[in-house]
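Work through the exercises below in order. Try each task before reading its solution.

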Amino acid sequence: MRGDRPSRLALVGIAAWAGAAAVAWRDGAAEAWAVRVYPGWTQLLVPLSERGAVPWTPLLALVLLGMAWASVRGAGGWIHSVTRLAGLALLVAASFQASWGLHGAASGPATRLLDGAPPYQESADLVQLEERLREVLTATAPSGAFDVAGAADAVRAELAALAPGVRLPARVKHPPRGMLAALGTAGVISPWTLEVHVEPTLPPWSYQSVHAHELAHLAGHDNEALTEFAGLLAGLRAAHPHARYAAALRAWASLPAAVRAPHPGPARAMQDLNAQREHAAAARRDGMARALWWAYDRWLRLRGQPRGIEGYADGVRMLARASRAGAW
């Protein structure tokens, strides 16, 4: 009976995965993919995925679930159903690699800004960085409302200059209010659709700093430490003062308490940090949020980031090195 034969979708999935694996395992392929293929892919996909305010990612997930359900419930034997599901899973994995994963092992365009930077010195570099960040906060603290749109445009321009040829989305997608916060996060990108999703209830300065981090991912950084560094650096080099303020406040708040404690920040900065703490305290987090962060930590380690989610803090250390090197 025809239904008892292996599904043709399994062969398609195997071929797609084999092609992605062949590229991934070849020396230098990640860098080549990041430089030659990924920019063109963003030019093709981003103008499509940023149309409309509705995120494409949940719709894509529903389509995949529907296809999986149809594979199980459709006419045919168990061999056909199992091989069709396997083929679908391989296609999903291969599409992840093609859209995002193949360049995940690349160094990222911000890496070159650290070439020639002096070695990191924990105590001295963090003290110097704290002083510089406090100067930026004092000079750029908004006197009125925070200009989210202007700051976002300025950071996008900096990241675009850092990664020429990459098309960065101008539109931020908003999941239902409070959903990301309840999951213990503030922003996320979709590797398949290259959409930026940010929690809309965040205080404006925090919203902007999260947006900068997610855009830095799409500028070509998979590594969380490099992404944090690139987002902060783009903010601090941006033309708009509110972009510099948001980046400086995010970096300053990430410094060890012992470094910040002797020097309270400007009044506006402390007010904005308090608003962020209140937002975090109000967000309902449960075991699911902890489980998701545990899974993400393991995922990062599996993808060659041995410090997992602790790697976020390394972005500030890179920023300190870049400061000594005169990169901002």
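**Exercise 1.** Is Phe 229 buried or exposed?

*Solution.* Start with the ground rules. This is a predicted model, where local features need pLDDT of at least 70, side-chain atom pairs count only at pLDDT 80 or more, and totals for chains, interfaces and linings use all residues. Residues are numbered from 1 along each chain as its sequence is written, and side-chain values use heavy atoms, with hydrogens and water left out.

Next, locate the residue. Phe 229 sits in helix H9, residues 224-237. (Helices are DSSP runs of H or I with at least four residues, strands are E runs of at least two, and both are numbered from the N terminus.)

Now read the accessibility. Phe 229 has a relative accessible area of 0%, so it is buried. (Buried means under 20% relative accessible area, exposed over 50%, partly exposed in between, with a 1.4 Å probe and protein chains only.)

**Exercise 2.** Which residues does Phe 229 touch, not counting residues up to four places away in sequence?

*Solution.* Contact means heavy atoms within 4.5 Å. With that exclusion, Phe 229 touches Ala 110, Leu 114, Gly 315, Met 318, Leu 319 and Ala 322.

**Exercise 3.** Describe the surroundings of Thr 42.

*Solution.* Then check its side chain, which reaches the backbone oxygen of Pro 39 at 2.6 Å. Last, list the contacts. Leaving out residues up to four places away in sequence, Thr 42 touches Pro 47, Gly 165, Val 166, Arg 167 and Leu 194.

**Exercise 4.** What is the phi of Leu 194?

*Solution.* Recall the background: most residues other than glycine have a negative phi. Leu 194 is not a glycine, yet its phi is positive, about 55°. This residue lies in the loop between strand E2 (187-189) and strand E3 (196-198). At 1% relative accessibility, Leu 194 counts as buried.

**Exercise 5.** At what angle do the axes of helix H3 and helix H4 cross?

*Solution.* Two packed helices are described by the angle and the distance between their axes. The axes of H3 (residues 56-73) and H4 (residues 78-99) cross at roughly 160° and come within 8 Å. (Axes are lines fitted to C-alpha atoms, for helices over the stretch in contact; angles run from 0 to 180 degrees between N-to-C directions.) H3 and H4 are therefore roughly antiparallel. (That term needs an angle over 145 degrees.)

Finish with the residues. Leu 64, Met 67, Ala 68, Ser 71 and Val 72 in H3 meet Ser 81, Arg 84, Leu 85, Leu 88 and Val 92 in H4.

Technical notes:
Parallel < 35°, antiparallel > 145°, perpendicular 65-115°, else oblique. Polar contact = N/O pair within 3.5 Å; in protein donor to acceptor, adjacent residues only side chain to side chain.
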